Amino acid sequence: MSGQIPQVFAPARLGPITLRNRVIKAATFEGRTPRAVVTEELIAFHREMAAGGVAMTTVAYCAVSPGGRTDRHQIWLRPEVVEGLRRLTDAVHAQGAAACAQIGHAGPVANAASNRAPALAPSRLFSPLGMRPVRVPDTGEVASIVTQHAEAARWAREAGFDAVEIHFGHNYLVSAFLSPLLNRRRDRYGGDLAGRARLAREIARAVREAVGDRVAVTAKLNMDDGVRGGLRVPEAVRVAAWLEADGCVDALELTAGSSLLNPMLYFHGDAPRREFAKTLPVPARWGMRLVGRVFLREYPYREAYLLERARRFRRELSMPLILLGGITERETMDRAMAEGFEFVALGRALLREPDLVRRLAEDPTTRSGCIHCNLCMPTIYSGTRCVLRGEPV
C-alpha cells in the first residue's frame with residue numbers, strides 16, 4: 001500500500017480491468033429468473049444499478065450446475081443463457097459500468113426438492129431446505145465440481161462479463177468444505193485446514209486458468225460462519241493468505257454468516273421472521289414459527305458492522321480487499337479507503353435507492369433511506385426489492 005489514500009470516486013484497477021470508481025453493487029439474489037433464464041426484468045434491474053453510479057454490478061447467483069442452485073428458479077451457466085446474459089452485460093456497459101457474475105455451488109444450501117437434484121455437502125447431514133439427507137461427493141465428484149466452476153467461468157466470459165466472483169461464503173459448498181463443523185471428511189479434502197481449503201484453492205486456480213488475464217476474478221470469503229464449531233477469523237485469515245499466495249484471485253470480498261445456520265450475521269438489523277414465514281409452504285412455515293428466533297437471530301445494525309473482523313485481514317494481507325456490510329454513508333466509504341480497503345460493496349441500500357452512489361458522489365452529505373428493516377429479504381421469492389421504495393425518505 002502506498003501512503004496516498006485512494007479516492008472512492010476516482011477510477012481504480014481491479015486486476016486486469018479498470019472501474020470508474022470503487023463502489024460495487026454486492027450480489028443480492030434478484031428473484032427475476034422464474035424459468036432459470038435471463039428475463040427483461042433482470043436486465044432492467046442491473047441497468048438501473050449501473051445507471052445509478054456503481055462501478056460494477058454483480059449478477060447473483062449463477063450456479064455452476066443444476067443441483068448447485070438454491071432452487072430451480074436460479075440461473076445455471078450453460079450455452080442456452082449466454083445470449084441473454086450478453087444482453088444484460090451490454091445494457092450495463094452502455095451505462096458505463098462493469099458487470100460481474102457471481103458463480104458457485106450452493107451445496108447444503110440447495111433445495112433438492114425444488115432442483116430435483118441431490119444437494120451436496122462435504123459430510124453427511126439432513127437438509128431442512130429439501131427435507132432430505134444431502135449426498136456426499138467422492139473425490140472424483142469433487143474434481144468434477146472444480147471443472148464445472150471453470151466451465152461456468154468460461155460461459156461468463158463468453159457472455160461479456162468483466163469479472164467473476166466465486167462464492168466461498170455463507171456455507172455454500174466451498175464454505176461448507178472450509179467449515180470444521182460441516183466437513184468431517186478423512187480424505188484429501190478434509191481433516192486439517194489445508195485439506196478443508198483445498199477445494200477453494202483448486203477452484204480459484206481453475207477459474208483463473210479458464211478466464212485468462214482479461215477478466216477479473218474475485219472471491220466472496222467467509223471471515224466467520226457465526227456458529228459454534230464453524231470457521232472463525234483466525235482460520236479464515238490463513239485461507240485468505242493461501243489464496244493470496246496462489247495469485248489466482250484479484251480481490252477478496254469479506255463476508256460472514258451461514259445461509260444454513262445463521263443468515264442474519266451477514267445482514268444485521270431487524271429479523272423479519274413473520275414475513276419470511278408467510279412466504280413458505282405450510283410445513284416450513286410452522287417450522288419457521290417454531291425455530292425462527294434461533295435461525296433468524298438479531299444483530300443490532302451499525303455502519304460497517306463487518307469492519308472490525310475485516311481489519312485483521314487488512315493487517316495480514318497485501319492483496320486488494322472489498323469491504324462489505326452496512327456501508328451507506330460517504331464517511332464510511334472514506335474511512336474504508338483510509339484503513340486500506342480498495343473497494344466497498346453495497347447491497348440493501350441500493351435496493352431502496354439505486355441512484356445512491358451517484359448522489360453520494362455529487363453530495364457527500366447524502367444519507368441513505370435504508371432503515372435496515374430487512375423486509376427486502378422475504379421478497380427474494382417474488383422479485384427482490386425494497387418494500388419501502390417510493391416512500392418518503
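These are my notebook entries on what I looked up in this predicted model.

**Ground rules**

I number residues from 1 along each chain as its sequence is written. Because the model is predicted, I ask for pLDDT of at least 70 for local features and 80 or more for side-chain atom pairs, while totals for chains, interfaces and linings use all residues; side-chain values use heavy atoms, with hydrogens and water left out.

**Entry 1: the whole chain**

I began with the overall build. The chain has 14 helices and twelve strands. These are DSSP runs, numbered from the N terminus: helices are H or I with at least four residues, strands are E with at least two. Along the principal axes, the C-alpha atoms fill a box of roughly 55 × 45 × 40 Å.

Next came burial. I call a residue buried under 20% relative accessible area, exposed over 50%, and partly exposed in between, with a 1.4 Å probe and protein chains only. Buried residues make up 61% of the 393 in the chain. The accessible surface is about 15700 Å², and 51% of that belongs to carbon and sulfur atoms. These areas come from the Shrake-Rupley method with a 1.4 Å probe; for residues, only the protein chains shown count as cover.

I also looked up contacts, meaning heavy atoms within 4.5 Å. Among contacts with a separation of 6 or more, 72% join residues 24 or more positions apart.

**Entry 2: the UniProt record**

An unreviewed UniProt entry lists residues 8-245 as "domain: NADH:flavin oxidoreductase/NADH oxidase N-terminal". I note that such positions are given in the numbering used here, that feature names are shortened, and that annotations may be inferred rather than shown by experiment. Over residues 8-245 I find 37% helix and 18% strand. The end C-alpha atoms of this stretch are 27 Å apart.

**Entry 3: the cores**

In soluble globular proteins, nonpolar side chains tend to be buried together. I took a nonpolar core as a set of buried Ala, Val, Leu, Ile, Met, Phe, Trp, Tyr and Cys residues joined through side-chain atoms within 4.5 Å. The largest has 98 residues, and Phe168, Leu252, Phe313 and Val344 touch the most other members. Helix H7 (residues 198-211) gives the largest share of this core, eight residues. Apart from it lies another core of 17 residues, including Ile17, Ile24, Ala55 and Ala345.

I followed Phe168 further. Beyond four places in sequence, Phe168 touches residues including Val174, Leu178, Ile203, Leu221 and Leu243.

**Entry 4: two residues of helix H2**

Thr89 sits in helix H2 (residues 79-94). At 0% relative accessibility, Thr89 counts as buried. Its side chain reaches the backbone oxygen of Ala159 at 2.7 Å. Beyond four places in sequence, Thr89 is in contact with Ala99, Ala159, Gly160 and Phe161.

Ala91 lies in helix H2. Ala91 is buried, at 10% relative accessible area. Ala91 and His46 are 45 residues apart in sequence, yet 8.0 Å apart C-alpha to C-alpha. Beyond four places in sequence, Ala91 touches Ile43 and Arg47.

**Entry 5: Thr328**

Thr328 is in the loop between strand E11 (321-324) and helix H12 (330-338). Thr328 is buried, with 7% relative accessible area. Its side chain makes a polar contact with the side chain of Glu303 at 2.2 Å. A polar contact is a pair of N or O atoms within 3.5 Å; within protein, one must be able to donate a hydrogen and the other to accept it, and residues adjacent in sequence count only if both atoms are side-chain atoms. Other contacts of Thr328 include Tyr301, Ala349, Leu356 and His372.

**Entry 6: backbone checks**

Most residues other than glycine have a negative phi, and most peptide bonds are trans. Where is a cis bond found? A cis peptide bond joins Ala60 and Tyr61, with omega about 10°. Tyr61 lies in strand E4 (residues 56-63).

Ala36 has a positive phi near 65°. Ala36 is in the loop between strand E3 (23-25) and helix H1 (40-51). Ala36 is buried, at 4% relative accessibility.

Arg116 has a positive phi near 55°. Arg116 is in the loop between helix H3 (112-115) and strand E6 (126-127). Is Arg116 buried or exposed? Arg116 is exposed, with a relative accessible area of 68%.
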